[in-house]
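I open this notebook to keep track of what I look up in the structure. The entries follow the order of looking.

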Amino acid sequence: MIELQDLCAGYGKRQILHGISLSIHSGELLSVIGPNGSGKSTLLKAIVGILPPEAGTVLLDSARANALSRTEVARKIAYLAQGKSTPDMTAEQMVLHGRFPHLHYPRRYSARDREIAAAAMEQTGISAFADRPMASLSGGMRQNAYIAMALAQDADYILLDEPTTYLDIAHQLELMKMLRRLADGGKGVAAVLHDLPLAFTFSDRVAVLADGGIAACDTPAALCESGVVKKIFGVELVGDGDAGYRYRYPLD
């Protein structure tokens, strides 16, 4: 479990997150939602140590994150940032990058590393594109290559910052189904999302950030009943059976 205890983080003198307490469990898909500027991306960066917390504690399976090396954290958590540049390499080379935390001197890929990368590409449906340059892939396939890299990293937790951005609706749904399968397979998955129906349809729990704090964190059904979505976003969501969640129309 990743556990945040009274976490505070920001940039210079500007504190963005104030006293965040939150957990991410193995076998769970947690969506993080909130208005622009509420601290969603900052939260993920603080968890992985890209942005050192100003106060509070991050525990990775009961170990203090700040006592672990970057390699040890990378073996625990795979992090996919938003707005990634497209590297000049093939999809297979990209996926093999996920093995870096496990390499030892002289840092050469073993047959086992290549087997793990191949399995990750198979799982994400990009095996046929292994030799293709990343720049030649569609947005959906490119995102799948990044997911495969995270799988090849063989970490227990996967954190994704706006993974559905720039994807058409079909690829957004396929990506969310993949994240759901990863959580059902035992991974702890946390994703920053802007699409509320997607977040509520696929997640076990949803954390709502507002003004740098946790406004609520609960199951989708409980959050809909609480009214917090309408309070924070000015919209209403309703469950639509097997079809998932949708906006309630007309909006008041």
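Entry 1, terms for exposure. I call a residue buried under 20% relative accessible area, exposed over 50%, and partly exposed in between, with a 1.4 Å probe and protein chains only. The model is predicted, so I take local features only at pLDDT of at least 70 and side-chain atom pairs only at pLDDT 80 or more, while totals for chains, interfaces and linings use all residues. Residues are numbered from 1 along each chain as its sequence is written, and side-chain values use heavy atoms, with hydrogens and water left out.

I looked for disulfides, meaning pairs of cysteine sulfur atoms within 2.5 Å. The count by this rule is zero. C8 is in no disulfide, and its nearest cysteine sulfur, that of C217, is 18 Å away. C8 is buried, at a relative accessible area of 14%. C224 is in no disulfide either, with the sulfur of C217 as the nearest cysteine sulfur at 14 Å. Is C224 buried, exposed or partly exposed? At 24% relative accessibility, C224 counts as partly exposed.

I take helices (H or I, at least four residues) and strands (E, at least two) as DSSP runs, numbered from the N terminus. Two strands pair if DSSP finds at least two bridges between them. An open sheet of four strands runs in the order β2-β1-β4-β5, and its pairing is antiparallel. The edges are β2 (14-24) and β5 (63-64); each has a single partner strand, so one side of each is left without a neighbour in the sheet. Inside this sheet I checked β1 (residues 2-11) against β4 (residues 55-60), which pair in the antiparallel sense over five bridges. L4 has V58 of β4 as its bridge partner.

For contact I use heavy atoms within 4.5 Å. Axes are lines fitted to C-alpha atoms, for helices over the stretch in contact, and angles run from 0 to 180 degrees between N-to-C directions. Helix α1 (residues 40-48) lies across β1, β2 and β4, at about 115° to β1. How many residues of α1 are buried? Eight of its nine are, and the helix is mostly covered. The buried ones include K40, S41 and T42. After α1 comes G49, with a positive phi near 90°.

Strands β7 (residues 157-161) and β8 (residues 188-192) pair in the parallel sense over five bridges, and Y157 has G188 as its bridge partner in β8.

Strand β9 (residues 205-210) and strand β10 (residues 213-218) run antiparallel and are joined by five bridges. V206 has D218 as its bridge partner in β10. Two residues lie between the strands, and D211 takes a positive phi near 55°. R205, in strand β9, is buried at a relative accessible area of 17%. Leaving aside residues up to four places away in sequence, R205 touches residues including S23, H25, E28, C217 and D218.

A nonpolar core is a set of buried Ala, Val, Leu, Ile, Met, Phe, Trp, Tyr and Cys residues joined through side-chain atoms within 4.5 Å. Which residues of the largest core touch the most other members? Of its 53 residues, these are V95, M134, I147, L160, L179 and F200. The largest share of this core, nine residues, comes from helix α5 (residues 139-152). A second, separate core has 29 residues, among them L7, V58, L60 and Y79.

Rings of Phe, Tyr and Trp (its six-membered ring) pair if their centres lie within 6.5 Å; planes under 30 degrees apart are stacked, over 60 edge-to-face, and the rest tilted. The structure holds two such pairs. F200 and Y245 have ring centres 5.8 Å apart and planes at 65°, so this pair is edge-to-face. F200 lies in helix α7 (residues 196-202) and Y245 in strand β12 (residues 245-247), so the pair ties together parts 45 residues apart in sequence. Both F200 and Y245 are buried.
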